[in-house]
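Here is a short report on one protein chain. Keep the sequence and the 3D view open while reading.

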Amino acid sequence: MQGSSTNSAERQEVTVAGDEGSVRLDRVLAVRCPDLSRSRLKALILAGRVSIINVTVGPGPVRDPAYHVGPGETIIIDVPEATSAQPEPENIALNIVYEDDDIVVIDKPRGLVVHPAAGHETGTLVNALIAHCGASLSGIGGVKRPGIVHRLDKDTSGLMVVAKNDLAHRSLTAQFADHGRTGAMERGYLAFVWGVPNRPRGTVDAPIDRHPHAREKMAVREGGREAVTHFEVREGFAGRDGKPVASLLACRLETGRTHQIRVHLAHIGHPLLGDAVYGPHFKTKASHLGLQAQAALASLGRQALHAYLLVIEHPRDGKLLRWESSLPEDLLLLEKTLRAAL
């Protein structure tokens, strides 16, 4: 193994000997790169920082830790420069809709990552919260996720609650784990989807697990974790030919799996408008939209999902608190143009 300095990062090269005890990429690297932890190696693989060179294929990233390597192949690992484990405060504007000594509720804009992770070490909601709240954030979530009890995808907008102390963190964590089965907690989302469901309301009860081939995606899979999403049709939209082409759904979560609404709605044949991960095969349907709606969708650049409703019991006194968030401008424009059908 040899190392070299590349753009303030370390590049390591490993030649597979074939005697590492396994052909899995992650396990071979665990043997050959003892200076890097298994979790660190897995994160580097998933982030696309590990490439393979063999006699038939040039260097290219491999994002599957279970990829089978062969004797004589060269593995290149680009290890980025170490960053501080403690997120730094950053002056990022927040739309705060409620705050007291225990919690802060924000209306998260599209494009804002919730907490630091590979590829997003700075510029996150956590960085903004540290600047706003200082040392008062709950430490239960760890140094990377202080105060965070639930998440929204980077490009999902809407309401989030953050714990400012450990009492609030424990209470909110319990409420989110219960998902309103026995308590008052409720999370509601507005989703613009392709097509119109064949019934005014329904429930998707389908287990979710990591996608077997695309590790950055989730999928409905037998043996996955329980996942339940309730939906109700708010409005249907006709296309240029007068036939139904899209609809607005109100969704309520009974569980909180990664990408749950996106996966479940795609599973029943109604993926979110603008969802490049779970609905790319629906792109051709855009031609059925009115010209204004086509333009609004093309400029959207994200999945059409907004967390519009949040109901919790206050961690300290149990008082019922409820917030609603209006659609942001990009989704308001989409809604207006879908209604116009011109």
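**The chain overall**

This is a predicted model. The protein chain has seven helices and 16 strands. Of its 342 residues, 45% count as buried. Among the contacts in the chain with a separation of 6 or more, 66% join residues 24 or more positions apart.

**Helices α6 and α7**

Two packed helices are described by the angle between their axes and the distance between the axes. Helix α6 covers residues 291-300, and helix α7 covers residues 329-340. Their axes come within 8 Å and cross at roughly 155°. An angle over 145 degrees counts as roughly antiparallel, so α6 and α7 are roughly antiparallel to each other. Their crossing is left-handed. On the α6 side, the contact is made by Q292, A293, A296, L297 and L300. On the α7 side, D330, L331, L333, L334, T337, L338 and A340 take part. By class, this contact has nine nonpolar, two polar and one charged residues.

**Helix α5**

Is helix α5, residues 260-267, enclosed or open? Six of its eight residues are buried, so α5 is largely enclosed by the rest of the structure. The buried residues are Q260, I261, R262, V263, H264 and L265. G269 follows α5 and has a positive phi, near 85°.

**H132 in helix α3**

H132 is found in helix α3, residues 125-133. Leaving aside neighbours within four places in sequence, H132 is in contact with L94, I96 and E99. H132 and A93 are 39 residues apart in sequence. In space, H132 and A93 are 9.2 Å apart, C-alpha to C-alpha.

**Accessibility and cysteines**

| Residue | Relative accessibility | Class |
|---|---|---|
| H132 | 39% | partly exposed |
| C133 | 13% | buried |
| C251 | 2% | buried |

Buried means under 20% relative accessible area. C133, at 13%, therefore counts as buried. C251, at 2%, counts as buried by that cut-off too. H132, at 39%, is partly exposed.

How many disulfides does the count come to? A disulfide is a covalent bond between the sulfur atoms of two cysteines. The test used here asks for a pair of cysteine sulfur atoms within 2.5 Å. By this rule the count is zero disulfides.

Definitions and conventions
Residues are numbered from 1 along each chain as its sequence is written. This is a predicted model: local features need pLDDT of at least 70, side-chain atom pairs count only at pLDDT 80 or more; totals for chains, interfaces and linings use all residues. Side-chain values use heavy atoms; hydrogens and water are left out. Axes are lines fitted to C-alpha atoms, for helices over the stretch in contact, and angles run from 0 to 180 degrees between N-to-C directions. Helices (H or I, at least four residues) and strands (E, at least two) are DSSP runs, numbered from the N terminus. Angles under 35 degrees count as roughly parallel, over 145 as roughly antiparallel, 65 to 115 as roughly perpendicular and the rest as oblique. A crossing is left-handed if the near helix is turned anticlockwise from the far one by less than a right angle, and right-handed if clockwise. Contact means heavy atoms within 4.5 Å. Ala, Val, Leu, Ile, Met, Phe, Trp, Tyr, Cys and Pro count as nonpolar, Asp, Glu, Lys and Arg as charged, and the others, Gly among them, as polar. Buried means under 20% relative accessible area, exposed over 50%, partly exposed in between (1.4 Å probe, protein chains only).
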